[in-house]
There are 2 protein chains.
Amino acid sequence: MKKIHITGLGLLGGSFALAAKRKFPELTITGWDISTQNLHEAHTLGMIDSSQELPDPDADLVILATPGDTLVGLLERTLENIGNETLVIDLGSTKENLCKALENHPKRAQYLAAHPIAGTEYSGPRAAFAELLDRKVMILCELEKTDLHLKEKAYELFDALNLKLRFMDPQEHDRHLAFVSHLSHISSFMLGKTVLQKMEDDKNIFDMAGSGFASTVRLAKSSPAMWAPILTENKDNILAALDGYISNLSEIREKVANGDASSIHADFQEINKIRDILDLEK
Amino acid sequence: MKKIHITGLGLLGGSFALAAKRKFPELTITGWDISTQNLHEAHTLGMIDSSQELPDPDADLVILATPGDTLVGLLERTLENIGNETLVIDLGSTKENLCKALENHPKRAQYLAAHPIAGTEYSGPRAAFAELLDRKVMILCELEKTDLHLKEKAYELFDALNLKLRFMDPQEHDRHLAFVSHLSHISSFMLGKTVLQKMEDDKNIFDMAGSGFASTVRLAKSSPAMWAPILTENKDNILAALDGYISNLSEIREKVANGDASSIHADFQEINKIRDILDLEK
């Protein structure tokens with residue numbers, strides 16, 4: 001592997017660049033970001049060797065790390081402008097619409113749909129760090145549609161970055177992510193909104209916020225440019241997750257209103273099961 | 001300060017014991033827990049010097065660290081059984097009902113209503129650690145009703161433990177905590193419930209859970225014995241917080257259903273304000 005191009009040099013694209021540079025010191029990384037400030041910062045931070053909108057024809061890999069609503073257009077433009085030995089990988093958080101849009105593309109075999117389960121609540125090149133991807137799960141969809149020889153280039157990079165590969169179809173991916181990622185972000189944003197609204201007539205409301213609040217509201221710091229499109233891209237699954245969540249909240253609201261502590265206790269005890277599941281995941 | 005008695009030797013009571021032992025090596029700590037296992041563990045972990053249900057008459061401080069629904073009865077029983085030089089402190093998470101119940105108690109001056117903003121999602125003596133309280137906020141309510149001389153004993157302990165003291169009335173305390181603590185726990189428990197329900201027909205739902213999910217669902221591991229009573233003790237404030245939260249969730253649900261990404265983006269951007277507020281708090 002000699003040359004990579006990265007479009008979108010924020011948290012994820014920037015972290016890929018830093019980690020790849022560390023593992024392959026001889027690698028040339030070209031890159032692009034729609035924000036000139038990001039592009040300048042990525043240069044300063046040593047993420048890219050040169051800034052250019054399009055990959056060189058001899059690039060081994062092109063990584064697209066831009067918000068979900070830009071990816072279909074960007075993928076089509078990128079596929080038009082690559083050589084025969086280049087593989088294009090997107091890192092978007094939803095996969096079904098993307099795979100469907102690319103289904104009949106003449107260069108479908110030069111595309112790999114990927115999603116690393118890695119991130120923080122911060123964004124932009126300055127939020128990036130080489131360890132972000134280390135030992136994280138990397139989901140790959142519709143692997144069978146990607147050229148066998150080109151896939152090897154992706155594996156070389158992913159293995160070097162210690163990514164743990166998982167395979168699933170795009171529908172399953174989007175359904176799962178709605179529950180274990182997208183819903184968490186919505187619940188966190190709406191929690192932040194609720195307390196900010198309360199602050200309007202109660203200025204000191206945050207004074208007593210402890211680590212529990214910080215933990216649940218952390219994701220409300222996330223980038224709107226990244227997260228707003230995810231909600232509409234994965235609409236049906238997110239509506240199902242949100243409906244379940246709102247219904248559970250309404251149910252416990254009734255129990256609180258009725259002062260039914262013993263039923264709340266039983267609920268919480270049942271939910272505590274999640275301890276074993278989360279500890280198992282570690 | 002020579003002698004402290006602690007009733008309830010879980011996360012909070014146990015951490016108080018460990019921290020007090022560290023700061024005052026000569027201190028005698030007697031203690032009690034309704035669970036014989038907890039009591040045994042507290043002994044083994046060096047939290048208490050002797051186990052006894054009631055404090056000695058010459059105890060300087062009695063700390064009550066039991067679930068909210070036990071505190072009124074325990075406070076009354078404890079106040080009956082102390083000498084004139086003993087101060088009783090409760091660490092409950094709600095304060096309004098408690099202060100009201102003790103309002104006309106003949107020994108009201110020997111009681112101090114306190115709430116340390118410190119905890120983890122774990123419970124029991126084994127979850128306790130001496131640093132839990134270090135530099136945490138300690139809220140004190142109705143300070144003016146506590147005997148001046150006895151208060152000095154509490155200050156001696158609190159200062160030694162690096163607690164940052166704050167003063168507010170019990171109504172304000174409960175209103176604030178509903179939004180910045182209790183709502184977080186409910187949102188987390190219900191998030192856990194929603195994903196557990198989904199797991200019933202989708203066994204691998206947790207496979208792709210990342211750090212964002214872990215962060216938002218962490219509090220769903222919390223103790224039901226502690227949290228169920230808080231929800232009913234602070235009913236009115238929690239209903240207000242929950243109603244605001246459910247209404248915000250329903251509103252964004254409509255925006256998702258309508259595919260209104262730009263309005264979701266505007267919302268998220270507004271909520272991002274919480275970055276500055278939370279970073280300020282640090």
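**Figure 1. The eight-stranded sheet of chain A.** In this predicted model, chain A contains an open sheet of eight strands with mixed pairing. The strands follow the order β3-β2-β1-β4-β5-β6-β7-β8. The edges are formed by β3 (50–51) and β8 (164–167) of chain A. Each of these two strands has a single partner strand, so one side of each is left without a neighbour in the sheet. Within a sheet, strands pair through backbone hydrogen bonds, in either a parallel or an antiparallel sense.

**Figure 2. The pairing of β6 and β7 in chain A.** Strand β6 (residues 111–116) and strand β7 (residues 137–141) of chain A run antiparallel and are joined by four bridges. One residue of this pairing is Pro116(A), whose bridge partner in β7(A) is Met138(A).

**Figure 3. The enclosed strand β6 of chain B.** Six of the six residues of strand β6 (residues 111–116) of chain B are buried, so the strand is largely enclosed by the rest of the structure. Both faces of β6(B) are covered. On one side, Tyr111(B), Ala113(B) and His115(B) are buried; on the other, Leu112(B), Ala114(B) and Pro116(B) are buried as well. Strand β5 (residues 87–90) of chain B pairs with β6(B) in the parallel sense, over three bridges. In this pairing, Val88(B) stands opposite Tyr111(B).

Figure 4. Leu75(B) belongs to helix α3 (residues 71–80) of chain B. Is this residue, Leu75(B), buried or exposed? Leu75(B) has a relative accessible area of 0% and is therefore buried. Residues up to four places away in sequence being left out, Leu75(B) touches Leu64(B), Val88(B), Leu98(B), Leu102(B) and Tyr111(B). The C-alpha atom of Leu75(B) is separated by 26 Å from that of Glu121(B), which is 46 residues apart from Leu75(B) along the chain.

**Figure 5. A salt bridge between two loops of chain A.** Side chains of opposite charge can pair when their charged atoms come close. Arg218(A) and Glu121(A) form a salt bridge in which the closest N and O atoms are 2.8 Å apart. This pair links distant parts of the chain, 97 residues apart. Arg218(A) lies in the loop between α7 (211–217) and α8 (224–233) of chain A, whereas Glu121(A) lies in the loop between β6 and β7 of chain A. Both partners are buried: Arg218(A) has a relative accessible area of 18%, and Glu121(A) one of 8%. Over all chains, the structure holds 36 salt bridges.

**Figure 6. The interface of chain B and chain A.** The contact takes 87 residues from chain B and 88 residues from chain A. The two chains bury about 8,200 Å² between them, 70% of it on carbon and sulfur atoms. In chain B, Val180(B), Met208(B) and Phe268(B) lose the most area to chain A, together 9% of what that side buries. Across the interface there are 30 residue pairs in polar contact. Among the helices of chain B that each supply at least two residues to the side touching chain A are α6 (170–199) and α9 (235–257). The largest share of that side, 21 residues, comes from α6(B). By class, the side of chain B that touches chain A has 45 nonpolar, 24 polar and 18 charged residues. Eight salt bridges are found across the interface. One of them joins the side chains of Asp243(B) and Arg253(A), at 2.5 Å from N to O.

**Figure 7. Lys193 of chain B and its partners in chain A.** Lys193(B) is found in helix α6 of chain B and is buried, with a relative accessible area of 13%. Apart from its neighbours within four places in sequence, Lys193(B) is in contact with Asn248(A), Glu251(A), Asp267(A) and Ile271(A). Glu251(A) forms a salt bridge with Lys193(B), the closest N and O atoms being 3.3 Å apart. The pair crosses between chains, with Glu251(A) in helix α9 (residues 235–257) of chain A. In contrast to the buried Lys193(B), Glu251(A) counts as partly exposed, at 38% relative accessibility.

Figure 8. The side chains of Asp267(A) and Lys255(A) meet in a salt bridge, at 2.9 Å from N to O. Asp267(A) lies in helix α10 (residues 261–271) and Lys255(A) in helix α9 of chain A, so the pair ties together parts that are twelve residues apart in sequence. Both Asp267(A) and Lys255(A) are buried. Lys193(A), Glu251(B), Lys255(B) and Asp267(B) are joined into one network by salt bridges that share partners.

Key
Residues numbered from 1 in each chain as written. Chains lettered and ligands numbered in written order. Predicted model: local features only at pLDDT ≥ 70, side-chain atom pairs only at ≥ 80, totals over all residues. Heavy atoms only, no water. Contact = heavy atoms within 4.5 Å. Buried area = accessible area lost by both parts, 1.4 Å probe. Salt bridge = Lys/Arg side-chain N within 4 Å of Asp/Glu carboxyl O. Polar contact = N/O pair within 3.5 Å; in protein donor to acceptor, adjacent residues only side chain to side chain. Nonpolar A, V, L, I, M, F, W, Y, C, P; charged D, E, K, R; others polar. Buried < 20%, exposed > 50% of the residue type's maximum accessible area, 1.4 Å probe, protein only. Pairing = 2+ DSSP bridges.
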